Amino acid sequence: MNSLYREYQRRVDQVPVQGVGLSVDVYSPDLVSLLDSLRCRQVIPAYLEVFQAASTALAAVRSRTEIPLTYHGEGLWVIQPGAERDRLFLHEACAVAGQLEILQSAWSNHECATKYIAGYSFGTYLPPLYTEASAAVVARNIRAVQAIFDRDCRLPGGQSPLFLLELPPLTYFVAGTLSIPEFFRLVTEQAACGLVLDIGHLWTVYRYTRAWQSLSLAAFLDRFLAEFPLERVVEIHVAGLSVHESMIASPVRSLAEQGQGLPLWTDAHAAPIPPVLFEMLDRILTDSRLMHLKGLALEVDTKPIELIVDEFQLFASRYGAVFPIKVQTRVCADVSRQEREEHVVDVRPEAEVEEDGVRRAYEAYARVVSGQAAPAGPEWISPAACSDGLIWYQSSYLPYEIVQWGGEIEAMFPGTCRELAARAVSLKTFVPFWFREPRPVTMSYDFFEIKIDRFLEFVREAAPDVQAMAQREANELREAYRLANEAPVSVESHQP
Ligand SMILES: [Fe+2]
């Protein structure tokens, strides 16, 4: 057994089994109402994974429930080259450690993705470049974050929370020179982290790496699982999938779906969970290398409460026996682990991370996905690269994200938009303005705040005489946003 695997083994052995639970948001839907509804139906989750929120809100949840809580982080972009020396990144990591302490969370889950890269801001996750050098960057950043957890956060048993890295979703395209499971294998050979396997995200890998063109879903799963470091999987997520709003009326949708029988789904936590994901989960749960699974959760933030309760009731009855079964099969798993350890490679040396090269690659990546540069280079010519998907992303998904998602510009700035329309300034031109040049973010990432800032800059350039009105509307928005974020969380009524 190599020392890195031993370190992982030591850490993961200290993570208690959480069982079958829910991954939730404090506010959306309202956590108190959700727990009340679950209690009425007598289906109490064994644990709650709580999405990042204001520390006061997390503290309120912790103080009012006995249900074990784990943490779903946000804004700690571990794919960023040089992050482990970046003041803002280190500040975010310390803030995460503080929130882990509040929740007494056994782990900290972070997407292997980013919403901000090379000075360009996005509303939803961009997956990493799947290359050897970027895997080394991710591993280095994880080691830095885990060291901060070790220093700043102690759980009652004396251990610190374990860093978990989640397989991110694909939104129509992928770029890189490695297969996705190979990338995660490389990361885990350089960092003693655990992983979160999200089954919906895995379906998007099948869909948007074009694996569906040559493999059945079962054959794809077999191939993926054979390469993927399943022994590092600590949690499994299952969440909804649906056709994105921007694609519903798009002409590319019918073309893309024609004759394939595969819908154009992307990750959508508010949507119902399609049965195919449970078929995939059933297959994955039979793999003996899944020896460190501690939690199995439906990810239900933004979903209607009634739908959550219905889905969780079925989920808990279908998978409630997983964890006792896991314990019973542990002996078998240990045998297979010994076999496996013989094949685990030695720890890779402290990387000579090609940081400048990765940084340049991500600058090019951001320019390509935002439509400013043509896809070129080895990252874009792999057989898996879905060039059609990149066009769908650039032409429909991304403009929707900038103009409508996470704050609809016309609703945020109604007076300003009327004045812009009167001057024949189209909101479509806001999208190329947004991506025209890199604009570094110097504070904790907040897409809504960034949207306000960018729109003010846009109005200043496109219609300077409307600037005062835009500023007034921006002030009102910021004040309302501040009040909403500071609103107390009332969990008094909840008696788990
Ligand atoms: Fe997830």
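These legends describe close-up views of a predicted model.

**View 1. Eight strands close into a barrel.** The closed barrel has 8 strands, in the order β1-β2-β3-β4-β7-β8-β9-β12, and the pairing is parallel. On average, neighbouring strands of this sheet are turned by 30° against each other, ignoring direction. Strands of a sheet pair through backbone hydrogen bonds, either parallel or antiparallel.

**View 2. Strand β9 sits between β8 and β12 in the barrel order.** Strand β9 covers residues 233-238, and β12 covers residues 295-299. The two run parallel, joined by 4 bridges. His-237 stands opposite Ala-297 in β12. Val-238 has Leu-298 of β12 as its bridge partner. β8 and β9 also pair in the parallel sense, over 4 bridges. There, Asp-198 has His-237 of β9 as its bridge partner.

**View 3. A helix packs on the sheet.** Helix α7 spans residues 199-208 and touches both β8 (194-198) and β9. The direction of α7 makes about 70° with that of β8.

**View 4. Strand β9 is buried.** Of the 6 residues of β9, 6 are buried, so this strand is largely enclosed by the rest of the structure. Val-234 gives a closer look. Beyond its neighbours within four places in sequence, Val-234 is in contact with residues including Val-12, Trp-107, Leu-162, Val-196 and Leu-293.

**View 5. The largest nonpolar core has 139 residues.** Val-50, Val-234 and Tyr-365 have the most contacts inside this core. Domain 1 (3-341) and domain 2 (406-490) each supply at least three of the core's residues.

How values were computed. Residues are numbered from 1 along each chain as its sequence is written. This is a predicted model: local features need pLDDT of at least 70, side-chain atom pairs count only at pLDDT 80 or more; totals for chains, interfaces and linings use all residues. Two strands pair if DSSP finds at least two bridges between them. Axes are lines fitted to C-alpha atoms, for helices over the stretch in contact, and angles run from 0 to 180 degrees between N-to-C directions. Two residues are in contact if their C-beta atoms, placed from the backbone, lie within 7 Å. A nonpolar core is a set of buried Ala, Val, Leu, Ile, Met, Phe, Trp, Tyr and Cys residues joined through C-beta atoms within 7 Å. A residue is buried if 20 or more other C-beta atoms lie within 10 Å of its own, exposed if 12 or fewer, and partly exposed in between; C-beta atoms are placed from the backbone. Domain bounds come from an automatic or database domain assignment.
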